[in-house]
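Hello,

Here is the structure I promised to pass on, and my notes follow below it.

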Amino acid sequence: MKYTIGIDYGTQSARAQLLNISTKGVVAKAEEFYPHGVMSEQLPSGIPLGKDWAIQDGDDYFVMAINCIKSLLATSKINPEDVIGLGIDTTACTMIPLGSDLEPLSSNPLFKDTPNAYVKLWKHHAAQKYANELNKIAEQRGEEFLKRYGGKISSEWSIPKIMQIAAESPEVYAETSCFADIADWLGYKLTGKLYKNNVTTGYKTLWSDTTGFPSSSFFKDLNPLMEHVVEEKLSEEILEIGQRAGFITEEVSALTGLSQKTAVAVPHTDAGVVPITLGMGKNGQMIASIGTSTCHFLLSDTLKEVPGICGVIKDGAVPGFYAYEAGQTAVGDSFSWFVDNFVGEKLHVEASQKGVSLFSLLGQKAERLVPGESGLVALDWFNGNRSILVNSDLSSVIVGLTINTKAEEVYRAILESTAFGTRKIIENFREYGVEVTELYACGGIPKKDPFMMQLYADICDIEIRVSDEALAAAYGSAMLGAVAAGRSAGGYENVHSAEDDLGLLDFAIIKPNPKNVVAYDKLYEVFNTLHDAFSKDNSVIYTLKALREAAKA
């Protein structure tokens with residue numbers, strides 16, 4: 001028997017799977033939570049953070065990897081020598097400043113109280129003003145790279161985060177030897193070799209396989225300290241997804257029991273690894289990986305300029321296709337926000353008496369409503385907008401509230417808003433000549449919530465294939481681990497051969513309800529009116545945000 005391990009790092013935890021590639025079955029699972037969690041208010045020492053911060057302790061990631069591996073081996077009781085490969089995927093862009101020893105700069109006692117020395121999670125939006133400045137300068141200079149990113153760079157991408165460090169903590173910038181994607185640093189910790197992967201470097205760090213990084217004069221215009229940032233702090237060799245990064249080090253072998261012959265795949269992004277998991281390989285197929293946020297990857301044989309996307313890379317998800325990325329910044333996060341803060345005691349008691357969660361109870365009540373019955377429409381901007389507006393300063397709007405509005409009506413409106421946001425993304429692709437013919441969904445939420453998937457099918461008027469594998473990203477990373485091992489070790493020659501043999505092809509098919517489609521077309525018109533009104537004139541949103549920040553100062 002031959003086995004491979006996949007570890008998927010999400011926003012709240014890391015999920016791991018041990019895959020038996022001989023029987024094509026998952027034999028063990030593990031989950032580890034970040035010891036320090038996501039820090040959005042203060043550092044462990046009590047140092048306060050500003051508005052829109054989301055940072056982490058870099059050392060947590062390596063600890064979690066070791067614990068996941070040990071848990072899988074202990075649960076399965078297999079011979080560690082039979083684990084031939086390991087793959088990792090993470091959120092992106094989650095960026096870590098590394099010292100000269102290639103360890104997290106936040107681990108250095110000199111910087112333990114400096115917020116900018118910590119890992120900046122993908123949803124760290126405190127760099128928005130630097131993203132705005134980058135976009136302004138790039139536009140003035142006529143930088144061609146902007147076209148690959150739909151015309152705007154998000155605060156979630158790496159360069160605005162580096163700009164924030166250079167501007168606010170120049171001592172951290174000076175001490176940083178490398179700004180690494182967290183996935184690439186994990187690859188280094190497992191193999192002893194630091195590389196960059198072509199996917200996060202291409203999508204998140206303004207790099208192209210044909211033109212490379214932007215010029216030093218562009219980076220100098222961003223901040224004089226950054227003139228030579230590429231040569232000095234971004235110069236690692238770039239490897240392609242599907243390649244081998246190296247083998248397990250002696251240290252990791254001693255910590256986990258894995259053999260030093262265990263191959264490690266070039267790390268990937270969490271959503272980007274899913275298409276091969278689901279056997280996708282046709283023009284027009286889109287996957288929505290739905291969790292705290294949603295990331296959309298669209299396979300296409302056509303290269304077009306599409307405003308508002310997150311980027312497009314050849315071979316970014318499935319070899320042979322352009323992979324367009326788009327996304328929504330708050331999906332599961334917005335559901336949790338409402339349930340945690342706005343559900344009354346009466347519903348808490350009812351949920352307890354029925355032995356169900358508040359999410360389940362609200363979902364059951366919301367499902368009894370018909371489209372439009374609540375008279376509510378919401379914008380899915382609860383954590384800003386990633387696609388198609390690329391603006392983390394935006395905030396949500398819920399229209400139609402009265403003193404008779406019930407909690408389940410608001411909950412349904414928030415669910416619907418995320419589906420409207422996905423429809424907006426799909427229609428934007430189609431408007432600019434990129435086909436969307438099939439929609440896939442994966443993650444814990446789609447598997448657990450068929451009602452939500454029915455909303456998506458009805459609102460987007462498209463059949464949805466929902467994967468039964470809740471940990472699709474971890475499964476895909478395990479597949480890449482088998483590719484890294486190679487055929488001679490019992491793995492696979494390339495990504496396509498692994499996809500053909502291990503790809504998951506069983507789906508729950510959710511079909512649109514024609515009656516609901518008609519009703520939702522009318523509600524979508526309202527959503528679009530709000531979307532256009534508050535994006536073209538966002539002075540109200542900006543004024544409210546300024547007043548809120550002034551009151552807290």
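A charge counts as sitting over a ring if NZ of Lys or CZ of Arg is within 6 Å of the ring centre and within 35 degrees of the ring normal. Lys-204 does this too: its charged end sits over the ring of Trp-157, 3.8 Å from the centre.

Some background before you go further. This is a predicted model, in which local features need pLDDT of at least 70 and side-chain atom pairs count only at pLDDT 80 or more, while totals for chains, interfaces and linings use all residues. Residues are numbered from 1 along each chain as its sequence is written, and side-chain values use heavy atoms, with hydrogens and water left out.

Now the sheet. Seven strands form an open sheet with mixed pairing, in the order S16-S17-S15-S14-S20-S21-S22. Strands here are DSSP runs of E with at least two residues, helices are runs of H or I with at least four, and both are numbered from the N terminus; two strands pair if DSSP finds at least two bridges between them. At the edges are S16 (311–314) and S22 (507–510), each pairing on one side only. Strand S21 (residues 464–467) pairs with S22 in the antiparallel sense over four bridges, and Ile-464 has Ile-510 as its bridge partner in S22. Helix H14 (residues 407–431) packs on the sheet, touching S14, S15, S17 and S20, and its direction makes about 150° with that of S17. Contact means heavy atoms within 4.5 Å, and the angle, on a scale from 0 to 180 degrees, is taken between N-to-C directions of axes fitted to C-alpha atoms, for helices over the stretch in contact.

Elsewhere, strand S6 (residues 95–98) runs antiparallel to strand S8 (residues 178–181), joined by four bridges. Met-95 stands opposite Asp-181 in S8. Met-95 and Pro-97 point one way from S6, Ile-96 and Leu-98 the other way, and all are buried. Buried means under 20% relative accessible area, exposed over 50%, and partly exposed in between (1.4 Å probe, protein chains only). Met-95 is also one of the residues touched by Ser-158, which is found in helix H3 (residues 158–168) and is buried at 4%.

On cysteines, the count comes to zero disulfides, a disulfide being a pair of cysteine sulfur atoms within 2.5 Å. The sulfur of Cys-442 is 9.9 Å from the closest cysteine sulfur, in Cys-295, so it is too far for a bond. Cys-442 is buried, with a relative accessible area of 3%.

Finally, the aromatic residues make 17 pairs. Rings of Phe, Tyr and Trp (its six-membered ring) pair if their centres lie within 6.5 Å; planes under 30 degrees apart are stacked, over 60 edge-to-face and the rest tilted. Tyr-203 and Phe-297 are edge-to-face, 5.6 Å centre to centre with 90° between the planes. Tyr-203 lies in helix H6 (residues 198–204) and Phe-297 in S15, so the pair ties together parts that are 94 residues apart in sequence. Both of these residues are buried. One aromatic cluster is formed by Phe-335, Trp-337, Phe-338, Phe-342, Phe-382 and Tyr-411.

Best wishes

Notes:
Lists of a residue's contacts leave out its neighbours within four places in sequence.
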